[in-house]
Amino acid sequence: MNILVPVSLEKKVNGFDQTTYENIEDEIYSHFWDVVVVQNPDDLKVAIQFQKFGIQIVYVGSEKVKNVFNVNIDDIEDFLNLLNSISEKNKEIDVLKKNQDLLFEPISLSSKMAMAYGKLSKMVQSRIITVIAQNGLLEEWILSKTIGSHETFDFSVLQEEEIMLRLFGSKNHVPAFLKSTTIVLMNCDLANPPSILKAAMASSNGYFSIYGVNEKKSCNANLILHFENSSNVPKSIFQLTGKSMVEIPPLKEILDDLPTIFRYTVSAMAQNTKTFSFNFSDDFFESLKREEWSENWRSFFKFCNAFISGETMIHKDIENDSEIPKMRDYIKNVTSEGEKVLIKKAIERYKTDKKKICEVLGINVKTLNKKIKIYNLK
């Protein structure tokens, strides 16, 4: 919070990184302030003119004045602490709300991608479905959108014995098959075919035997089997699922969907990130489409995680003459990225002291505010 206070009150608000003034006109015109503290009526007349720009006026004079904060001079520090706390909390709420709103917007994908996930969402009531996602996207965020509530067990993360125990249960373990939900078995390519067939039969027939117990139970869960490669799907599974099979297109075939997928992915990842918000340009998304994804969607999700933490940027090596950008465009991109980094570093160092930031960067306040808005650095 950027605060301007009279020199006479400096010691009373020394817990803040504020700027002091003797003549309010010398300071208020040359800077952007969140809060201006005034003590005498003449300064108040000047400060009130700037309320239309969103400046909060705090008046510590003896008389009461309408449309400003009237605060006892002895309580000024506590009041500013409260005001600062409310301001920071509102910023956090705004960021979280923006991220959440984006997450719950309807998904708008290209025809190829939309058809695949549309087919998956329509088949979700089937007892058993096979999904082929060799180099496509079958992640929690998209599953939540298409099939709703579900449980996921991944053969690439959990041991096969543990997954089968969770599915079928035992005397000491409640079976997941008893629940009226959708169960997703990821990376079935890594499991033994007999185990997959046993799970598929339980879901298809509607009953199963608990491990170590002869008693049969009703299987209330629907089952989705995910395979990376269609050649790894056992013939018995093909026979069970019949037409209930969906093939998710690979990443290289859905480049036009990358901006949408990226926005939703980072939105989901940033739900608990109070400082991250979204401000992506068309150039950014075009660069996203040109990026090489060596592991397809795995590389993509790794990139999204790194992007949220600020550890990576999009890059592309020039391989032939046709990929060499025009010097004018290249310099523009380099300048923009470098400018953003410089301003961000200055803000991190001098916090809300925009006067000092402008001095270091050699720009005026108007330009600084414009750049902060463009690069979403607030």
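Colleague: Is E359 buried or exposed?
Modeller: E359 is exposed, with a relative accessible area of 57%, where exposed means over 50%, buried under 20% and partly exposed in between, using a 1.4 Å probe and protein chains only. This is a predicted model, in which local features need pLDDT of at least 70 and side-chain atom pairs count only at pLDDT 80 or more, while totals for chains, interfaces and linings use all residues. Residues are numbered from 1 along each chain as its sequence is written, and side-chain values use heavy atoms, with hydrogens and water left out.

Colleague: Which side chain meets E359 in a salt bridge?
Modeller: That is K356, at 3.7 Å from N to O, a salt bridge being a side-chain nitrogen of Lys or Arg within 4 Å of a carboxyl oxygen of Asp or Glu. K356 and E359 are 3 residues apart in helix α13 (residues 354-361), about one turn of the helix, helices being DSSP runs of H or I with at least four residues and strands runs of E with at least two, numbered from the N terminus.

Colleague: How many salt bridges are found in the whole structure?
Modeller: The search finds 5, including one between K179 and E151, whose closest N and O atoms are 2.9 Å apart. K179 lies in the loop between α6 and β8 and E151 in strand β7, so this pair ties together parts that are 28 residues apart in sequence.

Colleague: Changing topic, how many disulfides are there?
Modeller: The structure holds 0 disulfides, taking a disulfide as a pair of cysteine sulfur atoms within 2.5 Å. C219 is buried at 4% relative accessibility, and C304 is buried at 0%.
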